[in-house]
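Please read it beside the sequence and the structure.

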Amino acid sequence: MTIASLKDVEVEYGKRGRAVGPFSLSLEAGEIVALVGPSGCGKSTALRLLAGLEGPTRGTVTRAAGRGETSLVFQAPTLAPWLSATDNVALPLELAGMASKEARDQARAALGRVGLAGAEAARPAQLSGGMAMRVSLARALVTSPRLLLLDEPFAALDEITRRTLADDVLALWQETRPTILFVTHNVEEAVYMAQRVVAMTPGPGVLAGERVVTGPLPRPHGFRTTEGFRATAEQVSDLLATGRAAA
Ligand SMILES: Nc1ncnc2c1ncn2[C@@H]1O[C@H](COP(=O)(O)OP(=O)(O)OP(=O)(O)O)[C@@H](O)[C@H]1O
């Protein structure tokens, strides 16, 4: 079942001309897709279209997952600085009408699932970058979304934290199997995270090509050193290089 799709979409921002497209992408239920491409090719624009945050200038967007069933996570954790971790995570549930006590109970459980039991009372300023991203993930997951859109969620974090969080997201995915679109600049991260990597050309981005990633999810220890992983990462890099040369 298709959860969300873009069909020949183009987006134009006034005099700046075309930002993306024509570009097509279809997300099936429960799959993890990574979207890679050079800076400015339109990855975030594609994600915003899939989220329903903006509409295309041309082309069609379909969404089986409604607004309330879609969660977004951005590079910079967009947490309310005056709220505790628990209250930040409880917020989307309360906004959806859930009673405060029930929302806070579910928020605490979600924080536990992302490894933040004990940090419930902390405010964002008291958290490390990695912890703040975990709070953002907990807030995105607490509503049990069918579609999870992640826009370079680990870009501001150090390599070790990035890798730990990558494994954590895959473990969380295994629990409820939401459809995930993961936007990143990083080819290795894309291949590690996804079952399918979609590569875009430089802006206005069109499809450069896509590669299926074989191997179990969550990834076993040492997956990055396997022949399959290296070969797929090389193929995706080639797609990006060919797309750049053709642009
Ligand atoms: N609201 C906007 N108004 C005008 N131009 C925009 C707007 N949003 C994006 N753009 C332009 O559209 C193009 C695509 O931007 P987008 O952020 O989608 O690319 P990206 O691939 O996500 O880039 P990056 O990897 O650097 O985040 C860029 O040229 C950008 O300047």
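1. Helices (H or I, at least four residues) and strands (E, at least two) are DSSP runs, numbered from the N terminus. Residues are numbered from 1 along each chain as its sequence is written. This is a predicted model, in which local features need pLDDT of at least 70, side-chain atom pairs count only at pLDDT 80 or more, and totals for chains, interfaces and linings use all residues.

2. Overall make-up. The protein has 7 helices and 9 strands. Its radius of gyration is 18 Å, close to the 18 Å that the globule rule gives for 247 residues, so the protein is as compact as a globular protein of that length. The radius is taken over C-alpha atoms, and the rule is 2.2 Å times the number of residues to the power 0.38. Along the principal axes, the C-alpha atoms fill a box of roughly 55 × 45 × 35 Å.

3. Of the 247 residues, 41% count as buried. A residue is buried if 20 or more other C-beta atoms lie within 10 Å of its own, exposed if 12 or fewer, and partly exposed in between, with C-beta atoms placed from the backbone. Two residues are in contact if their C-beta atoms, placed from the backbone, lie within 7 Å. Among contacts between residues at least 6 apart in sequence, 71% join residues at least 24 apart.

4. The sheet of 6 strands. This open sheet has the order S5-S6-S7-S3-S8-S9, with mixed pairing. Two strands pair if DSSP finds at least two bridges between them. Strand S5 (70-73) and strand S9 (207-212) are the edge strands, each pairing on one side only. From one strand to the next, the twist averages 15 degrees. Axes here are lines fitted to C-alpha atoms, for helices over the stretch in contact, and angles run from 0 to 180 degrees between N-to-C directions.

5. Strand S3 and its partners. S3 (residues 32-36) pairs with strand S7 (residues 179-184) in the parallel sense over 5 bridges. Within this pair, Val 33 stands opposite Leu 181, and the bridge partner of Ala 34 is Phe 182. S3 also runs parallel to S8, joined by 4 bridges; there, Leu 35 stands opposite Val 198.

6. Cover of S3. How many residues of S3 are buried? The count is 5 of its 5 residues. In a regular strand the side chains alternate between the two faces of the sheet. In S3, Ile 32, Ala 34 and Val 36 are buried on one side, and Val 33 and Leu 35 are buried on the other.

7. Ile 32. This residue is found in strand S3. Ile 32 is buried because 23 other C-beta atoms lie within 10 Å. Not counting residues up to four places away in sequence, Ile 32 touches Trp 173, Ile 180, Phe 182, Met 193, Ala 194 and Gln 195. Ile 32 and Val 197 are 165 residues apart in sequence and 8.8 Å apart in space, C-alpha to C-alpha.

8. Helix H4 (residues 129-141) lies across S5 and strand S6 (147-151), at about 170 degrees to S5. Helix H7 (residues 227-246) lies across S3, strand S8 (196-200) and S9, and runs at about 175 degrees to S9.

9. The sheet of 3 strands. This open sheet has the order S2-S1-S4 and antiparallel pairing. S2 and strand S4 (58-63) stand at the edges with a single partner strand each, so one side of each is left without a neighbour in the sheet. Neighbouring strands are turned by 15 degrees against each other on average, direction ignored. Strand S1 (residues 2-12) runs antiparallel to S2, and 7 bridges join them; the bridge partner of Thr 2 in S2 is Glu 28. Helix H1 lies across S1, S2 and S4, at about 125 degrees to S1.

10. The ligand. Of the 14 residues around the ligand, Tyr 13, Ala 19, Ser 39, Ser 44 and Thr 45 come nearest; a residue is near a molecule or strand if its C-beta atom, placed from the backbone, lies within 6 Å of it. Strand S2 (18-28) and helix H1 (43-51) are the elements that give two or more residues to this shell. The largest share, 3 residues, comes from H1. By class, the shell has 4 nonpolar, 8 polar and 2 charged residues. Ala, Val, Leu, Ile, Met, Phe, Trp, Tyr, Cys and Pro count as nonpolar, Asp, Glu, Lys and Arg as charged, and the others, Gly among them, as polar.
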